[in-house]
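Subject: Structure handover and notes

Hello,

Here is the structure we talked about, followed by notes on what was found in it. Please read the notes with the structure open beside you.

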Amino acid sequence: MYDVVIIGAGAAGLMAAGQAASRGMKTLVIEKMEKAARKVRITGKGRCNVTNTRPRDEFLAHVRAGAGFFAGSFDRFSNRDTIRFFKQEGVPLAYERGERVFPKSGKAWDIADALYDYARESGAEFMFHTKATGIKTVAGKVNGVEIETRKGFSRKVECRNAIVCTGGASYPSTGSTGDGYILANDLGHEIEPVRPSLVPLVASGDVVAHLQGLKLRNVRVTLYIDGHPSEEEFGEMEFGSRGLEGAVILRLSRNAVDALIEDKQVEIGLDLKPALDPGTLEARIARELEADTALMVGDLLRKLLPGQLVTVFCGLLGLEREAQAGNLTDDDNQAIINTLKDFRIPIADYRPFKEAVITAGGVSTDEVNPVTLESKLVKGLYFAGEVLDIDADTGGYNLQIAFSTGYVAGQLGKQDNQ
């Protein structure tokens, strides 16, 4: 009989395991993959953005869903606590722009190994290549977890508590295939619709095909839904083989995906010259034309744009690259300015779960106690991490959600010893 069985050896599961075991609870972690923290090992392009140092209110402002629910867990184990934890575990950290925190080595596996060592050295036991197929209850209380081994053997592990830390449905190759939603739903929990988040967006038309590989810095990007501005971000983006990518696109993708699911019109608007107003741009064009009366249209645009965008602009505006720029009409110049300030890209789709950083949706937080993270429906059942309907922006916020909720769930309702 275990005090607690933790399903999933990711960031939340390992933190929960360490907490439970260090408090003297007989703890077993079940993981269907061959090793712990598979997703942690590839997060942040293999560098692992551990957390973000922003103050509490600023941090919570970046949590897109479930911020109020998550606040209690953050107060129990904050970004400052995460930094202290990894330093105590012997992982030097580095601080980068955007208040982001990384392992100083630049290697995500240092974070994964530290979490695994913490849980194991605290006394947690592990079963790898083992899948949880069901959570058993008696009189509304957890009394065991049904498991299936790699060789197909099934049995029940008896326990007083279970913590579901199975992650979402993104990066399924790491083991996150939505198993936790099935386990929770089988016990009566409502699952908020799951969909990819922090995911590249797919443009319609062939314009973007000409821009593959182009990276833009210091651009203002606006998400338009049914022709109306929804939100905007400032920073970097790129035109990749998978579609529109980069930090600002990922942050805007959550609402874009929801709008696409609802069959709404979605567009991305790029302000390629956010520091210049239309009047200043008009004066800039006039100076260029005055300085070189033989200037070609393509050369004029090249002074204002990256090379790959010149051909695209000429095609959109019906201009000839080799035509004399001095022959541009006032309407032509105005069209150039308007497109520089609002280059619209229609969005047709979003990339699949396997390319999404996280999953939006999950176990409804209405049915989970925000103080203990225990189910309101089944005694002894807890949830932590991405399986919950909590998600946030890119930048270290989502891993912090895993650490904070794993920390709280691992206490199984007990009082903090901090």
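Helices (H or I, at least four residues) and strands (E, at least two) are DSSP runs, numbered from the N terminus. Asp226, for example, lies in the loop that links strand S13 (215-225) to strand S14 (228-240).

The model is a predicted one: local features need pLDDT of at least 70 and side-chain atom pairs count only at pLDDT 80 or more, while totals for chains, interfaces and linings use all residues. Residue numbers start from 1 along each chain as its sequence is written, and side-chain values use heavy atoms, with hydrogens and water left out.

Overall picture

The protein has 13 helices and 20 strands. Its C-alpha atoms fill a box of roughly 85 × 40 × 40 Å, taken along the principal axes. Of the 418 residues, 53% are buried. Buried means under 20% relative accessible area, exposed means over 50%, and partly exposed is in between (1.4 Å probe, protein chains only). Contact means heavy atoms within 4.5 Å. Among the contacts with a separation of 6 or more, 71% are between residues 24 or more positions apart.

Two crossing helices

Two packed helices are described by the angle between their axes and the distance between the axes. Axes are lines fitted to C-alpha atoms, for helices over the stretch in contact, and angles run from 0 to 180 degrees between N-to-C directions. Helix H4 (residues 67-76) and helix H13 (residues 397-409) have axes that come within 8 Å and cross at roughly 75°. This makes H4 roughly perpendicular to H13; the class covers 65 to 115 degrees, with under 35 roughly parallel, over 145 roughly antiparallel and the rest oblique. On the H4 side the contact is made by Phe70, Ser73, Phe74 and Arg76, and on the H13 side by Gln400, Ile401, Ser404, Thr405, Tyr407 and Val408. These residues divide into five nonpolar, four polar and one charged. Here Ala, Val, Leu, Ile, Met, Phe, Trp, Tyr, Cys and Pro count as nonpolar, Asp, Glu, Lys and Arg as charged, and the others, Gly among them, as polar.

Two strands pair if DSSP finds at least two bridges between them. S5 and S6 (residues 100-103) are joined in the antiparallel sense over four bridges, and Ala94 stands opposite Phe102 in S6.

Positive phi values

Glu99 counts as partly exposed, at 35% relative accessibility. Asp226, mentioned above, also has a positive phi, near 50°, and is partly exposed at 39%. Gly318, which follows helix H11 (residues 307-317), has a positive phi near 70°.

Buried residues

The buried residues of H11 are Leu309, Val310, Val312, Phe313 and Cys314. They pack against S13, helix H10 (297-302), helix H12 (330-341) and strand S17 (343-350).

Ile6 lies in strand S1 (residues 2-7) and is buried, with a relative accessible area of 0%. Ile6 and Val29 are 23 residues apart in sequence, but their C-alpha atoms are 4.7 Å apart in space. Beyond residues up to four places away in sequence, Ile6 touches residues including Gly13, Ala16, Ile163 and Cys165.

Thr130, in strand S8 (residues 130-138), is buried with a relative accessible area of 3%. A polar atom of its side chain lies 2.9 Å from the backbone oxygen of Phe128. Leaving out residues up to four places away in sequence, Thr130 touches Ile30, Glu31, Lys32, Ile147, Glu148 and Thr149.

Thr365 lies in the loop between strand S18 (358-363) and strand S19 (381-383). Is Thr365 buried or exposed? Thr365 is buried, at 16% relative accessible area. Apart from neighbours within four places in sequence, Thr365 is in contact with Phe69, Asp389 and Ile390.

Regards

Methods:
A polar contact is a pair of N or O atoms within 3.5 Å; within protein, one must be able to donate a hydrogen and the other to accept it, and residues adjacent in sequence count only if both atoms are side-chain atoms.
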